[in-house]
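Dear colleague,

Please find the structure below, followed by a summary of what was found in it.

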Amino acid sequence: MTSLARWLSLLGGGSLRAQARLAAAEGSAALAERLELAAIEWEAVRRRWLWLLLLSVLLAVFLLVLLLAGSTAVVVHYWDTEHRVVAAWAVAGFWLFAWLAALLALWAVAVRSAPAFELTRAELARDWSFIRESL
C-alpha cells in the first residue's frame, strides 16, 4: 500500500471513494430515467404536432372547397332559375359549416396542448434544487 493510499484510508478516503461510486451510480440511473421521461414526452409532442398539421391541411382543403362553392354560388345566383340559387347557397353553407367545424377542432387541439417537456423540466428542476441543497 502506498503512503497516499494509507493516508486516504486513515482519513476515511475509502468511504469517500465508495460514496462517490454510489453517487455516480445513482446519477447514472437518474439520468436514464430522465432520458426515458424525455422520450415519452417527445412522443406526445410529436403526436400533437402531427394532429395540428393534419387538421391544418384539412382546414385549408375546406377553405378551398368553400371558396369554390362560394364562387359557384355567385355565378349560379345570376342564372334564371331560383332552385339553382338555393342549391348553390346550400352547398356553400354546408362547406362553411365543415370549415368552421375543422377550425374549432384545430383550435381545441392547439389550446389543449401543454408546454413541451413540462414533466422533464419539473423533474430536472427538482434534481437541481436537491443538488444545490446537498452542496
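**Aromatic residues and nonpolar cores**

Phe 62 is buried, at a relative accessible area of 18%; buried here denotes under 20% relative accessible area, exposed over 50%, and partly exposed in between, with a 1.4 Å probe and protein chains only. This is a predicted model, in which local features need pLDDT of at least 70 and side-chain atom pairs count only at pLDDT 80 or more, while totals for chains, interfaces and linings use all residues. Residues are numbered from 1 along each chain as its sequence is written, and side-chain values use heavy atoms, with hydrogens and water left out.

Two aromatic pairs were counted. The criterion is that rings of Phe, Tyr and Trp (the six-membered ring of Trp) have centres within 6.5 Å; planes under 30 degrees apart are stacked, over 60 edge-to-face, and the rest tilted. The pair of Phe 62 and Trp 95 is tilted, because the ring centres are 5.7 Å apart and the planes stand at 45°. Since Phe 62 belongs to helix α2 and Trp 95 to helix α3, this pair ties together parts that are 33 residues apart in sequence. Helices are DSSP runs (H or I, at least four residues), numbered from the N terminus. Trp 95 is partly exposed, with 24% relative accessibility.

Trp 95 also pairs with Phe 94 in an edge-to-face arrangement, at 5.2 Å centre to centre and 70° between the planes. Phe 94 is partly exposed, at a relative accessible area of 47%. Together, Phe 62, Phe 94 and Trp 95 form one aromatic cluster.

Phe 62 is also one of the nine residues of the largest nonpolar core, whose other members are Leu 52, Leu 55, Leu 59, Ala 98, Trp 99, Ala 102, Leu 106 and Val 109. Such a core is a set of buried Ala, Val, Leu, Ile, Met, Phe, Trp, Tyr and Cys residues joined through side-chain atoms within 4.5 Å. Helices α2 (13-77) and α3 (82-112) each supply at least two residues of this core, and α3 gives the largest share, five residues. Another core, of five residues, lies apart from it and includes Ala 69, Val 76, Ala 88 and Ala 92.

**Contacts of Arg 34**

Arg 34 is located in helix α2 and is buried, with a relative accessible area of 12%. Leaving aside residues up to four places away in sequence, Arg 34 touches Thr 120, Glu 123, Leu 124 and Asp 127, where contact means heavy atoms within 4.5 Å.

With kind regards
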